[in-house]
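Let us take a friendly walk through a protein model, step by step. Have the 3D view ready so that you can turn to each place as it comes up.

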Amino acid sequence: MKVTNHGLKGKQLQKEDYWQKAAAEQQGYAGVPIHVRIAEHNNIIADLPTDSLLKRILSRDNMNAACRKVKSNKGAGGVDRMSVDELLPYLSEHRLDLLEEIVAGEYTPEPGRRGEIPKAEKGKFRKLGIPTVVDRVVQQAIAQVLMPIYEPQFSDSSFGFRPKRGAHDALRQCQKYAEEGYVYAVSMDLEKFFDTVCQSKLIEILSRTVKDGRVISLIHKFLNAGVMSHGIFEKSEKGVPQGGPLSPLLANVMLNELDKELEKRGHKFVRYADDCMILCKSRKSAERTLVHIIPFIEGKLFLKVNREKTSVESISKVKYLGYGFYRKKGKCHFRVHPKAKSKLKENLRAITNRNKAISNEMRPVRFNQIAKGWVNYFKLADTTGMLREMDEWVRRRIRAIYWTQWKKVRTKYRMIRQYKIPEWKVHELANCRKGTWRAALMLNQILSNKEIARQGYVSLTSYYKQVCEN
(Lines give C-alpha, C1' and ligand atoms only; values in the text may rest on other atoms or scores of the structure.)
Protein backbone atom coordinates (compact mmCIF):
# COMPACT_ATOMS: atom_id res chain seq x y z
CA MET A 1 0.00 0.00 0.00
CA LYS A 2 1.44 3.36 -0.97
CA VAL A 3 0.75 5.81 1.77
CA THR A 4 3.66 8.21 1.66
CA ASN A 5 6.96 8.43 -0.14
CA HIS A 6 8.86 7.62 3.01
CA GLY A 7 8.81 5.13 5.85
CA LEU A 8 6.93 2.32 4.10
CA LYS A 9 9.66 -0.17 3.36
CA GLY A 10 8.37 -3.42 1.99
CA LYS A 11 4.87 -2.13 1.25
CA GLN A 12 5.51 -0.34 -2.03
CA LEU A 13 3.82 -2.36 -4.74
CA GLN A 14 5.82 -3.59 -7.69
CA LYS A 15 3.82 -4.18 -10.88
CA GLU A 16 5.24 -7.65 -11.33
CA ASP A 17 3.80 -8.58 -7.93
CA TYR A 18 0.24 -7.47 -8.63
CA TRP A 19 -0.91 -10.81 -9.99
CA GLN A 20 -0.02 -12.79 -6.92
CA LYS A 21 -2.86 -13.77 -4.63
CA ALA A 22 -2.90 -13.08 -0.89
CA ALA A 23 -4.68 -15.65 1.23
CA ALA A 24 -5.90 -13.90 4.39
CA GLU A 25 -4.81 -15.57 7.61
CA GLN A 26 -7.83 -16.50 9.70
CA GLN A 27 -6.26 -15.83 13.09
CA GLY A 28 -6.59 -13.14 15.72
CA TYR A 29 -4.08 -10.44 16.59
CA ALA A 30 -1.52 -12.23 18.67
CA GLY A 31 0.00 -9.89 21.19
CA VAL A 32 -1.65 -6.70 19.90
CA PRO A 33 -3.34 -4.68 22.65
CA ILE A 34 -7.05 -4.18 22.05
CA HIS A 35 -6.83 -0.53 23.02
CA VAL A 36 -4.52 0.38 20.14
CA ARG A 37 -6.09 3.26 18.20
CA ILE A 38 -5.28 3.87 14.55
CA ALA A 39 -6.16 7.55 14.67
CA GLU A 40 -5.59 8.57 18.24
CA HIS A 41 -3.51 11.59 17.20
CA ASN A 42 -5.85 13.25 14.73
CA ASN A 43 -4.60 16.81 15.15
CA ILE A 44 -3.70 16.73 11.45
CA ILE A 45 -7.39 17.24 10.60
CA ALA A 46 -8.14 19.86 13.24
CA ASP A 47 -8.17 22.66 10.66
CA LEU A 48 -11.10 21.15 8.73
CA PRO A 49 -14.56 22.77 9.02
CA THR A 50 -16.60 21.45 11.92
CA ASP A 51 -19.30 20.16 9.58
CA SER A 52 -16.86 18.53 7.17
CA LEU A 53 -17.82 15.02 6.14
CA LEU A 54 -14.18 14.17 5.63
CA LYS A 55 -13.43 15.09 9.23
CA ARG A 56 -16.16 12.74 10.43
CA ILE A 57 -14.87 9.97 8.19
CA LEU A 58 -11.32 10.35 9.50
CA SER A 59 -12.31 10.73 13.15
CA ARG A 60 -10.65 8.39 15.60
CA ASP A 61 -13.83 6.53 16.58
CA ASN A 62 -15.02 6.04 13.01
CA MET A 63 -11.67 4.80 11.72
CA ASN A 64 -11.29 2.41 14.63
CA ALA A 65 -14.80 1.07 14.06
CA ALA A 66 -13.95 0.60 10.37
CA CYS A 67 -10.76 -1.25 11.26
CA ARG A 68 -12.65 -3.60 13.60
CA LYS A 69 -15.29 -4.25 10.95
CA VAL A 70 -12.75 -5.13 8.27
CA LYS A 71 -10.97 -7.39 10.74
CA SER A 72 -14.18 -9.19 11.72
CA ASN A 73 -15.18 -9.69 8.07
CA LYS A 74 -11.84 -11.40 7.41
CA GLY A 75 -11.62 -12.15 3.69
CA ALA A 76 -8.71 -12.41 1.29
CA GLY A 77 -6.08 -9.75 0.83
CA GLY A 78 -5.63 -7.52 -2.20
CA VAL A 79 -2.81 -7.00 -4.66
CA ASP A 80 -0.35 -5.94 -1.96
CA ARG A 81 -0.59 -9.37 -0.31
CA MET A 82 -1.35 -7.85 3.11
CA SER A 83 -3.67 -10.03 5.21
CA VAL A 84 -6.21 -8.77 7.73
CA ASP A 85 -3.94 -9.98 10.53
CA GLU A 86 -1.27 -7.51 9.41
CA LEU A 87 -3.73 -4.62 9.28
CA LEU A 88 -3.68 -3.28 12.83
CA PRO A 89 0.11 -3.36 13.30
CA TYR A 90 0.50 -1.66 9.93
CA LEU A 91 -2.02 1.10 10.65
CA SER A 92 -0.62 1.65 14.12
CA GLU A 93 2.69 2.56 12.50
CA HIS A 94 1.45 4.45 9.43
CA ARG A 95 -1.88 5.98 10.49
CA LEU A 96 -0.63 9.60 10.34
CA ASP A 97 0.79 9.14 6.85
CA LEU A 98 -2.49 7.64 5.69
CA LEU A 99 -4.60 10.46 7.14
CA GLU A 100 -2.29 13.16 5.76
CA GLU A 101 -2.53 11.74 2.25
CA ILE A 102 -6.34 11.56 2.39
CA VAL A 103 -6.65 15.14 3.71
CA ALA A 104 -4.22 16.45 1.08
CA GLY A 105 -6.12 14.65 -1.70
CA GLU A 106 -3.01 12.63 -2.55
CA TYR A 107 -4.34 9.24 -1.49
CA THR A 108 -4.50 6.79 -4.40
CA PRO A 109 -6.25 3.44 -3.90
CA GLU A 110 -4.54 0.36 -5.26
CA PRO A 111 -6.20 -1.61 -8.06
CA GLY A 112 -8.53 -4.35 -6.89
CA ARG A 113 -7.55 -7.98 -7.23
CA ARG A 114 -9.71 -9.80 -9.74
CA GLY A 115 -11.76 -12.57 -8.20
CA GLU A 116 -14.64 -14.63 -9.55
CA ILE A 117 -17.53 -16.46 -7.91
CA PRO A 118 -19.82 -18.79 -9.86
CA LYS A 119 -23.35 -17.69 -10.69
CA ALA A 120 -26.42 -19.92 -10.70
CA GLU A 121 -26.08 -20.32 -14.48
CA LYS A 122 -23.42 -22.88 -15.31
CA GLY A 123 -20.25 -21.45 -16.77
CA LYS A 124 -21.01 -17.88 -15.69
CA PHE A 125 -19.13 -15.98 -13.02
CA ARG A 126 -19.58 -12.78 -11.06
CA LYS A 127 -16.48 -10.63 -11.30
CA LEU A 128 -15.07 -9.12 -8.12
CA GLY A 129 -12.48 -6.40 -7.56
CA ILE A 130 -11.08 -7.15 -4.10
CA PRO A 131 -9.44 -4.05 -2.56
CA THR A 132 -6.40 -4.15 -0.32
CA VAL A 133 -7.23 -4.35 3.39
CA VAL A 134 -6.14 -0.73 3.94
CA ASP A 135 -8.38 0.44 1.10
CA ARG A 136 -11.18 -1.59 2.67
CA VAL A 137 -10.74 0.31 5.94
CA VAL A 138 -11.06 3.66 4.13
CA GLN A 139 -14.10 2.44 2.19
CA GLN A 140 -15.70 1.12 5.37
CA ALA A 141 -15.07 4.45 7.12
CA ILE A 142 -16.81 6.31 4.26
CA ALA A 143 -19.74 3.88 4.24
CA GLN A 144 -20.26 4.21 8.01
CA VAL A 145 -20.66 7.98 7.74
CA LEU A 146 -22.71 8.06 4.54
CA MET A 147 -25.13 5.27 5.49
CA PRO A 148 -26.98 7.26 8.22
CA ILE A 149 -27.20 10.21 5.81
CA TYR A 150 -28.71 8.18 2.97
CA GLU A 151 -30.83 5.76 5.00
CA PRO A 152 -33.74 8.22 5.47
CA GLN A 153 -33.73 8.89 1.71
CA PHE A 154 -34.10 5.22 0.75
CA SER A 155 -37.46 3.69 -0.08
CA ASP A 156 -39.39 1.47 2.30
CA SER A 157 -39.60 -1.00 -0.61
CA SER A 158 -35.80 -1.39 -0.79
CA PHE A 159 -34.36 -4.21 1.31
CA GLY A 160 -30.85 -5.07 0.10
CA PHE A 161 -27.69 -4.01 1.96
CA ARG A 162 -29.61 -2.05 4.57
CA PRO A 163 -29.55 -2.30 8.36
CA LYS A 164 -32.27 -4.46 9.95
CA ARG A 165 -33.59 -5.47 6.53
CA GLY A 166 -33.04 -8.60 4.52
CA ALA A 167 -34.31 -10.99 1.88
CA HIS A 168 -37.05 -12.37 4.13
CA ASP A 169 -38.46 -8.86 4.62
CA ALA A 170 -38.54 -8.38 0.84
CA LEU A 171 -40.36 -11.69 0.39
CA ARG A 172 -42.95 -10.86 3.04
CA GLN A 173 -43.58 -7.56 1.25
CA CYS A 174 -44.21 -9.50 -1.97
CA GLN A 175 -46.58 -11.79 -0.07
CA LYS A 176 -48.47 -8.81 1.34
CA TYR A 177 -48.95 -7.21 -2.09
CA ALA A 178 -50.07 -10.53 -3.62
CA GLU A 179 -52.72 -10.95 -0.93
CA GLU A 180 -53.94 -7.42 -1.75
CA GLY A 181 -54.58 -8.53 -5.34
CA TYR A 182 -51.30 -7.51 -7.02
CA VAL A 183 -50.82 -10.93 -8.61
CA TYR A 184 -48.93 -10.06 -11.81
CA ALA A 185 -45.25 -9.30 -11.58
CA VAL A 186 -42.76 -7.48 -13.74
CA SER A 187 -39.60 -9.41 -12.93
CA MET A 188 -36.85 -6.92 -13.80
CA ASP A 189 -33.30 -7.97 -14.62
CA LEU A 190 -30.60 -5.31 -14.97
CA GLU A 191 -27.86 -6.68 -17.19
CA LYS A 192 -24.51 -6.84 -15.35
CA PHE A 193 -25.60 -3.99 -13.09
CA PHE A 194 -22.44 -3.59 -11.02
CA ASP A 195 -20.25 -3.75 -14.14
CA THR A 196 -22.24 -1.20 -16.15
CA VAL A 197 -23.08 1.61 -13.69
CA CYS A 198 -22.40 4.98 -15.30
CA GLN A 199 -19.86 6.53 -12.93
CA SER A 200 -20.52 10.13 -13.96
CA LYS A 201 -24.24 9.65 -13.29
CA LEU A 202 -23.48 8.09 -9.91
CA ILE A 203 -21.17 10.97 -8.98
CA GLU A 204 -23.83 13.45 -10.00
CA ILE A 205 -26.39 11.72 -7.75
CA LEU A 206 -23.93 11.58 -4.86
CA SER A 207 -23.14 15.28 -5.26
CA ARG A 208 -26.75 16.23 -4.58
CA THR A 209 -26.32 15.09 -0.97
CA VAL A 210 -22.57 14.97 -0.34
CA LYS A 211 -21.33 18.56 -0.47
CA ASP A 212 -17.74 17.84 0.62
CA GLY A 213 -15.82 17.71 -2.66
CA ARG A 214 -12.93 15.81 -1.10
CA VAL A 215 -15.25 12.92 -0.21
CA ILE A 216 -16.68 12.87 -3.73
CA SER A 217 -13.16 12.89 -5.13
CA LEU A 218 -12.13 10.03 -2.82
CA ILE A 219 -15.12 7.92 -3.89
CA HIS A 220 -14.36 8.68 -7.54
CA LYS A 221 -10.80 7.42 -7.03
CA PHE A 222 -12.12 4.11 -5.69
CA LEU A 223 -14.41 3.79 -8.71
CA ASN A 224 -11.48 4.45 -11.07
CA ALA A 225 -8.92 2.30 -9.25
CA GLY A 226 -9.15 -0.51 -11.80
CA VAL A 227 -8.34 -4.18 -11.26
CA MET A 228 -5.34 -6.45 -11.73
CA SER A 229 -6.23 -9.67 -13.58
CA HIS A 230 -3.47 -12.23 -14.18
CA GLY A 231 -0.86 -9.50 -13.92
CA ILE A 232 -2.61 -7.17 -16.36
CA PHE A 233 -4.10 -3.85 -15.27
CA GLU A 234 -7.68 -3.25 -16.41
CA LYS A 235 -9.23 0.22 -16.31
CA SER A 236 -12.59 0.68 -14.60
CA GLU A 237 -14.13 3.59 -16.48
CA LYS A 238 -17.61 2.30 -15.74
CA GLY A 239 -19.20 0.14 -13.07
CA VAL A 240 -18.93 -0.21 -9.31
CA PRO A 241 -16.33 -2.84 -8.36
CA GLN A 242 -17.86 -5.56 -6.18
CA GLY A 243 -15.87 -6.80 -3.24
CA GLY A 244 -15.42 -3.61 -1.19
CA PRO A 245 -17.55 -2.27 1.68
CA LEU A 246 -18.58 0.82 -0.30
CA SER A 247 -20.10 -0.87 -3.37
CA PRO A 248 -23.41 -1.97 -1.73
CA LEU A 249 -24.13 1.59 -0.55
CA LEU A 250 -23.26 3.06 -3.96
CA ALA A 251 -25.57 0.52 -5.64
CA ASN A 252 -28.43 1.59 -3.38
CA VAL A 253 -27.73 5.27 -4.02
CA MET A 254 -27.91 4.64 -7.77
CA LEU A 255 -31.03 2.46 -7.69
CA ASN A 256 -32.78 4.76 -5.24
CA GLU A 257 -33.45 6.92 -8.31
CA LEU A 258 -35.46 4.04 -9.77
CA ASP A 259 -37.28 3.57 -6.44
CA LYS A 260 -38.30 7.22 -6.34
CA GLU A 261 -39.54 7.09 -9.92
CA LEU A 262 -41.64 3.99 -9.22
CA GLU A 263 -43.10 5.61 -6.10
CA LYS A 264 -43.88 8.76 -8.05
CA ARG A 265 -45.80 6.65 -10.57
CA GLY A 266 -47.71 4.90 -7.78
CA HIS A 267 -46.38 1.38 -8.36
CA LYS A 268 -46.15 -1.41 -5.81
CA PHE A 269 -42.66 -2.85 -5.98
CA VAL A 270 -39.98 -4.68 -4.04
CA ARG A 271 -36.24 -4.28 -4.63
CA TYR A 272 -33.41 -6.28 -3.15
CA ALA A 273 -30.10 -4.92 -4.48
CA ASP A 274 -30.52 -5.03 -8.28
CA ASP A 275 -33.35 -7.60 -8.15
CA CYS A 276 -36.52 -5.58 -8.67
CA MET A 277 -40.09 -6.84 -8.95
CA ILE A 278 -43.01 -4.53 -9.77
CA LEU A 279 -46.46 -5.90 -8.88
CA CYS A 280 -49.68 -5.07 -10.69
CA LYS A 281 -53.32 -6.21 -10.60
CA SER A 282 -53.58 -7.27 -14.25
CA ARG A 283 -51.33 -8.56 -17.00
CA LYS A 284 -52.08 -5.56 -19.22
CA SER A 285 -51.15 -3.17 -16.45
CA ALA A 286 -47.89 -5.07 -15.85
CA GLU A 287 -47.01 -5.06 -19.56
CA ARG A 288 -47.75 -1.33 -19.78
CA THR A 289 -45.61 -0.68 -16.70
CA LEU A 290 -42.66 -2.53 -18.24
CA VAL A 291 -42.90 -0.61 -21.52
CA HIS A 292 -42.98 2.74 -19.70
CA ILE A 293 -40.24 2.11 -17.12
CA ILE A 294 -37.56 0.83 -19.54
CA PRO A 295 -36.97 4.30 -21.12
CA PHE A 296 -36.35 5.77 -17.67
CA ILE A 297 -33.88 3.04 -16.68
CA GLU A 298 -31.95 3.15 -19.93
CA GLY A 299 -32.38 6.82 -20.84
CA LYS A 300 -32.05 8.48 -17.43
CA LEU A 301 -29.98 6.07 -15.36
CA PHE A 302 -27.95 4.69 -18.31
CA LEU A 303 -28.45 1.10 -17.14
CA LYS A 304 -29.24 -1.84 -19.42
CA VAL A 305 -32.41 -3.93 -19.03
CA ASN A 306 -31.88 -7.58 -19.97
CA ARG A 307 -34.92 -8.23 -22.18
CA GLU A 308 -34.37 -11.99 -22.23
CA LYS A 309 -34.58 -12.31 -18.45
CA THR A 310 -37.14 -9.57 -17.83
CA SER A 311 -40.68 -10.92 -17.98
CA VAL A 312 -44.31 -10.33 -17.06
CA GLU A 313 -45.81 -13.36 -15.32
CA SER A 314 -48.40 -14.40 -12.80
CA ILE A 315 -46.73 -14.34 -9.39
CA SER A 316 -47.16 -18.13 -9.18
CA LYS A 317 -44.64 -18.49 -12.05
CA VAL A 318 -42.07 -16.04 -10.73
CA LYS A 319 -38.77 -16.84 -9.06
CA TYR A 320 -37.61 -14.17 -6.62
CA LEU A 321 -34.60 -14.49 -4.32
CA GLY A 322 -34.70 -18.27 -4.74
CA TYR A 323 -38.36 -18.56 -3.71
CA GLY A 324 -41.48 -19.36 -5.69
CA PHE A 325 -45.05 -18.39 -4.76
CA TYR A 326 -48.44 -20.08 -4.85
CA ARG A 327 -51.91 -18.92 -3.91
CA LYS A 328 -54.41 -20.93 -1.91
CA LYS A 329 -57.78 -19.71 -0.63
CA GLY A 330 -56.84 -16.09 -1.27
CA LYS A 331 -53.56 -16.37 0.64
CA CYS A 332 -50.07 -16.23 -0.83
CA HIS A 333 -47.64 -18.91 0.31
CA PHE A 334 -43.95 -19.53 -0.33
CA ARG A 335 -42.37 -22.55 -1.93
CA VAL A 336 -38.80 -23.41 -2.80
CA HIS A 337 -38.13 -22.78 -6.46
CA PRO A 338 -37.01 -25.94 -8.35
CA LYS A 339 -33.65 -24.33 -9.18
CA ALA A 340 -32.96 -23.83 -5.46
CA LYS A 341 -33.82 -27.49 -4.79
CA SER A 342 -31.43 -28.60 -7.53
CA LYS A 343 -28.68 -26.40 -6.09
CA LEU A 344 -29.12 -27.92 -2.62
CA LYS A 345 -29.01 -31.45 -4.01
CA GLU A 346 -25.89 -30.61 -6.01
CA ASN A 347 -24.12 -29.27 -2.91
CA LEU A 348 -25.13 -32.24 -0.74
CA ARG A 349 -24.11 -34.68 -3.47
CA ALA A 350 -20.63 -33.10 -3.49
CA ILE A 351 -20.19 -33.34 0.28
CA THR A 352 -21.50 -36.95 0.45
CA ASN A 353 -19.42 -38.17 -2.46
CA ARG A 354 -17.97 -41.46 -1.19
CA ASN A 355 -14.89 -41.02 -3.38
CA LYS A 356 -14.08 -37.59 -1.93
CA ALA A 357 -11.22 -37.48 0.57
CA ILE A 358 -12.98 -36.00 3.60
CA SER A 359 -12.54 -37.41 7.10
CA ASN A 360 -15.53 -38.85 8.99
CA GLU A 361 -15.08 -36.07 11.56
CA MET A 362 -15.03 -33.19 9.07
CA ARG A 363 -17.76 -34.45 6.71
CA PRO A 364 -20.70 -33.92 9.13
CA VAL A 365 -19.35 -30.47 10.03
CA ARG A 366 -19.33 -29.37 6.41
CA PHE A 367 -22.64 -31.11 5.74
CA ASN A 368 -24.31 -29.28 8.62
CA GLN A 369 -22.99 -25.91 7.44
CA ILE A 370 -24.65 -26.41 4.06
CA ALA A 371 -27.85 -27.95 5.44
CA LYS A 372 -28.46 -25.42 8.21
CA GLY A 373 -27.59 -22.45 6.00
CA TRP A 374 -30.04 -23.60 3.32
CA VAL A 375 -32.86 -24.35 5.78
CA ASN A 376 -32.40 -21.02 7.59
CA TYR A 377 -32.73 -19.17 4.29
CA PHE A 378 -35.77 -21.14 3.08
CA LYS A 379 -37.55 -21.32 6.43
CA LEU A 380 -40.45 -19.25 5.07
CA ALA A 381 -41.36 -21.92 2.50
CA ASP A 382 -43.64 -24.94 2.79
CA THR A 383 -41.03 -27.59 2.16
CA THR A 384 -41.50 -30.46 4.64
CA GLY A 385 -42.22 -33.12 1.99
CA MET A 386 -39.21 -32.19 -0.12
CA LEU A 387 -36.88 -32.19 2.89
CA ARG A 388 -38.16 -35.61 4.02
CA GLU A 389 -37.25 -37.06 0.62
CA MET A 390 -33.89 -35.28 0.71
CA ASP A 391 -33.15 -36.73 4.16
CA GLU A 392 -33.79 -40.29 2.94
CA TRP A 393 -31.55 -39.77 -0.06
CA VAL A 394 -28.76 -38.19 2.02
CA ARG A 395 -28.82 -40.93 4.68
CA ARG A 396 -28.50 -43.59 2.00
CA ARG A 397 -25.49 -41.79 0.58
CA ILE A 398 -23.93 -41.62 4.06
CA ARG A 399 -24.42 -45.38 4.50
CA ALA A 400 -22.77 -45.88 1.11
CA ILE A 401 -19.76 -43.88 2.37
CA TYR A 402 -19.28 -46.23 5.33
CA TRP A 403 -19.78 -49.33 3.17
CA THR A 404 -17.09 -48.11 0.78
CA GLN A 405 -14.70 -47.32 3.65
CA TRP A 406 -15.08 -50.79 5.21
CA LYS A 407 -14.05 -52.31 1.87
CA LYS A 408 -12.71 -55.75 2.94
CA VAL A 409 -14.97 -58.53 4.23
CA ARG A 410 -13.09 -58.93 7.53
CA THR A 411 -13.39 -55.18 8.12
CA LYS A 412 -17.14 -55.38 7.49
CA TYR A 413 -17.41 -58.25 10.00
CA ARG A 414 -15.59 -56.17 12.64
CA MET A 415 -17.55 -52.97 12.04
CA ILE A 416 -20.98 -54.62 11.79
CA ARG A 417 -20.49 -56.72 14.96
CA GLN A 418 -20.12 -53.58 17.09
CA TYR A 419 -23.82 -52.86 16.52
CA LYS A 420 -24.70 -56.04 18.44
CA ILE A 421 -26.97 -57.77 15.96
CA PRO A 422 -27.39 -61.57 15.54
CA GLU A 423 -24.39 -63.36 14.07
CA TRP A 424 -26.38 -64.69 11.11
CA LYS A 425 -27.29 -61.10 10.23
CA VAL A 426 -23.63 -60.03 10.55
CA HIS A 427 -22.68 -62.87 8.19
CA GLU A 428 -25.40 -61.87 5.72
CA LEU A 429 -24.42 -58.21 5.61
CA ALA A 430 -20.65 -58.69 5.60
CA ASN A 431 -20.84 -61.11 2.66
CA CYS A 432 -23.25 -59.00 0.62
CA ARG A 433 -22.13 -58.95 -3.00
CA LYS A 434 -24.59 -56.40 -4.24
CA GLY A 435 -23.56 -52.97 -5.53
CA THR A 436 -22.73 -50.15 -3.13
CA TRP A 437 -26.02 -48.29 -3.59
CA ARG A 438 -28.10 -51.46 -2.95
CA ALA A 439 -25.90 -52.45 0.00
CA ALA A 440 -26.41 -48.96 1.46
CA LEU A 441 -30.15 -49.66 1.59
CA MET A 442 -29.55 -52.85 3.56
CA LEU A 443 -27.31 -51.03 6.03
CA ASN A 444 -30.27 -49.12 7.48
CA GLN A 445 -30.59 -52.12 9.84
CA ILE A 446 -27.45 -51.04 11.67
CA LEU A 447 -26.82 -47.45 10.52
CA SER A 448 -30.29 -46.28 11.55
CA ASN A 449 -31.50 -42.70 11.42
CA LYS A 450 -30.60 -42.30 15.10
CA GLU A 451 -27.12 -43.72 14.52
CA ILE A 452 -26.49 -41.31 11.64
CA ALA A 453 -27.66 -38.44 13.85
CA ARG A 454 -25.27 -39.70 16.55
CA GLN A 455 -22.45 -39.44 13.99
CA GLY A 456 -23.18 -35.68 13.87
CA TYR A 457 -25.36 -35.32 10.74
CA VAL A 458 -28.30 -32.97 11.17
CA SER A 459 -31.71 -33.98 9.84
CA LEU A 460 -33.00 -31.39 7.35
CA THR A 461 -36.61 -32.10 8.35
CA SER A 462 -36.00 -31.87 12.11
CA TYR A 463 -34.01 -28.67 11.80
CA TYR A 464 -36.65 -27.13 9.53
CA LYS A 465 -39.34 -27.85 12.14
CA GLN A 466 -37.23 -25.95 14.70
CA VAL A 467 -36.79 -22.80 12.63
CA CYS A 468 -39.68 -22.64 10.12
CA GLU A 469 -41.77 -19.47 9.98
CA ASN A 470 -44.67 -20.29 7.68
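Keep in mind as you look that the model is predicted. Is Arg113 buried or exposed? Its relative accessible area is 8%, and buried means under 20%, so Arg113 counts as buried. Arg113 and Asp80 are 33 residues apart in sequence, while their C-alpha atoms are 9.1 Å apart in space.

Strands of a sheet pair through backbone hydrogen bonds, and they can do so in parallel or antiparallel fashion. Here, β1 belongs to an open sheet of four strands in the order β2-β1-β4-β5, and the pairing is mixed. The edges of this sheet are formed by β2 (125–130) and β5 (232–234). Each of these two has a single partner strand, so one side of each is left without a neighbour in the sheet. From one strand to the next, the twist averages 45°. If you look at β1 and β2 together, you will find that they run antiparallel and are joined by six bridges. Along this pair, Gly115 stands opposite Leu128 in β2.

From strands we can turn to helices. Two packed helices are described by the angle between their axes and the distance between those axes. Which residues make the contact? On the α7 side they are Lys201, Leu202, Ile205, Leu206 and Arg208, and on the α9 side Leu250, Val253, Met254 and Glu257.

Loops deserve a visit too. Asn306 is in the loop between α10 (283–299) and β8 (311–314). With a relative accessible area of 14%, Asn306 is buried. Its side chain reaches the backbone nitrogen of Glu308 at 3.1 Å. Leaving aside neighbours within four places in sequence, Asn306 is in contact with Asp189 and Glu191.

Another loop, between α4 (133–150) and α5 (167–179), holds Phe161. Lys164 is also placed in the loop between α4 and α5. Phe161 has a positive phi, near 60°, and is not a glycine. Lys164, not a glycine either, has a positive phi of about 60°. How much of each is open to the outside? Phe161 is partly exposed, with a relative accessible area of 36%. Lys164, at 87% relative accessibility, counts as exposed.

Finally, step back and view the whole protein. There are 18 helices and ten strands in it. Of its 470 residues, 49% count as buried. The protein exposes about 23800 Å², and carbon and sulfur atoms supply 50% of that area. What about contacts along the chain? Among contacts between residues at least 6 apart in sequence, 73% join residues at least 24 apart.

Conventions. Residues are numbered from 1 along each chain as its sequence is written. This is a predicted model: local features need pLDDT of at least 70, side-chain atom pairs count only at pLDDT 80 or more; totals for chains, interfaces and linings use all residues. Side-chain values use heavy atoms; hydrogens and water are left out. Buried means under 20% relative accessible area, exposed over 50%, partly exposed in between (1.4 Å probe, protein chains only). A polar contact is a pair of N or O atoms within 3.5 Å; within protein, one must be able to donate a hydrogen and the other to accept it, and residues adjacent in sequence count only if both atoms are side-chain atoms. Contact means heavy atoms within 4.5 Å. Two strands pair if DSSP finds at least two bridges between them. Axes are lines fitted to C-alpha atoms, for helices over the stretch in contact, and angles run from 0 to 180 degrees between N-to-C directions. Accessible areas come from the Shrake-Rupley method with a 1.4 Å probe; for residues, only the protein chains shown count as cover.
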